[in-house]
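Let's take a walk through this structure together, one piece at a time. Keep the 3D view open as you read.

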Amino acid sequence: MGSETPLRLPVIDFSDPELKPGTLQWNLVKAQVQKALEEYGCFEAFFNKVPLELRKAIFGALEELFDLPLQTKLRNSSKKPFHGYVGQYPMVPLYESMGIDDALVQEKAEHFTKLLWPEGNASFCKTIQSFSEQLSELDQTIRRMVLESLGMEKYLDEHMDSTNYLLRVMKYKGPQTTETKLGLNAHTDKNIVTILYQNQVDGLGVQTKDGQWINIKCSPDSFIIMIGDSFLAWTNGRLHSPYHRVMMTGNESRYSTGLFSIPKAGYVIKAPEELVDEEHPLLFKPFDHVEFLHFYYSEAGQRAESALKTYCGV
């Protein structure tokens, strides 16, 4: 009997310099993006606007950051759930992470850097700011393609203006065993689009619609694009928001970054009326993302099979 080919995510290349709205190349890539996000809710992307030196530098910056004393890391606090330092959780002892709001804005990157290095750390600041800025271009390209595919171009400016960015940086300690240990529980993201980048220590798994897990093996040149619940709601279920998790084995630490486009507090997420019809009845009531996050991290939200459906499902 022949062995089954392991499942893998669709791979889409955004590196063509001619990739501009209205061109044949744009329309070809746009169709691939829409299909991948409908079927899997995620895909692997090649995007050469982030130079190799910068991609290498980001992991050096992460090692430097997570090597700081715990008391220093705890200065990264936030009123929004999961935006500041997260660590020391008995359920996921291998995991710690930090959040940098609007890391692509120089003043915000400098503020975060000064918080942790009062004496300054210019190379760290420049690395996180440049990395976030370059990746935000990919986020905006993907979101524009989705809106065009749905015929929702008239909402493009409002949609882009309704979000800001969070750079979340993550470390998963190697469990020092050949047994597989939980790095991060299975969950869906709650935002619009997530762009993940990881070092060459695997562990990310994505669940397909029929419940199978795909173990992601990334090239150092590629990023993982993933849709969050807020975009699922805005498109009235046209896209898929996939469950994903991290499972660790071996001795090496896994470092990864996630650039999250996140609805601004006070902005109400609701599906455009053009996306609601007999074939596609309204799935979710309008909601505020930050209030939804507070529900998600409550006891009831953590118990719910789908926090989004429990919170605002019709």
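Before we start on the sheet, two ground rules: strands (E, at least two residues) and helices (H or I, at least four) are DSSP runs, numbered from the N terminus, and two strands pair if DSSP finds at least two bridges between them. The model is predicted, so local features need pLDDT of at least 70 and side-chain atom pairs count only at pLDDT 80 or more, while totals for chains, interfaces and linings use all residues. Residues are numbered from 1 along each chain as its sequence is written, and side-chain values use heavy atoms, leaving out hydrogens and water.

Now find the open sheet: its four strands run in the order β5-β10-β7-β8, with antiparallel pairing. At the edges stand β5 (177-187) and β8 (213-215), each with a single partner strand, so one side of each has no neighbour in the sheet. On average, neighbouring strands here are turned by 25° against each other, direction ignored. Zoom in on β7 (residues 204-207), which pairs with β8 in the antiparallel sense over three bridges. G205, for instance, has N215 in β8 as its bridge partner.

Next, the helices. The axes of α2 (residues 52-66) and α5 (residues 122-149) come within 9 Å and cross at roughly 130°; axes are lines fitted to C-alpha atoms, for helices over the stretch in contact, and angles run from 0 to 180 degrees between N-to-C directions. That makes α2 oblique to α5 (under 35 degrees is roughly parallel, over 145 roughly antiparallel, 65 to 115 roughly perpendicular, and the rest oblique).

Who touches whom? In α2, L54, A57, I58, A61 and L65 meet F124, T127, I128, S130, F131 and Q134 in α5, where contact means heavy atoms within 4.5 Å.
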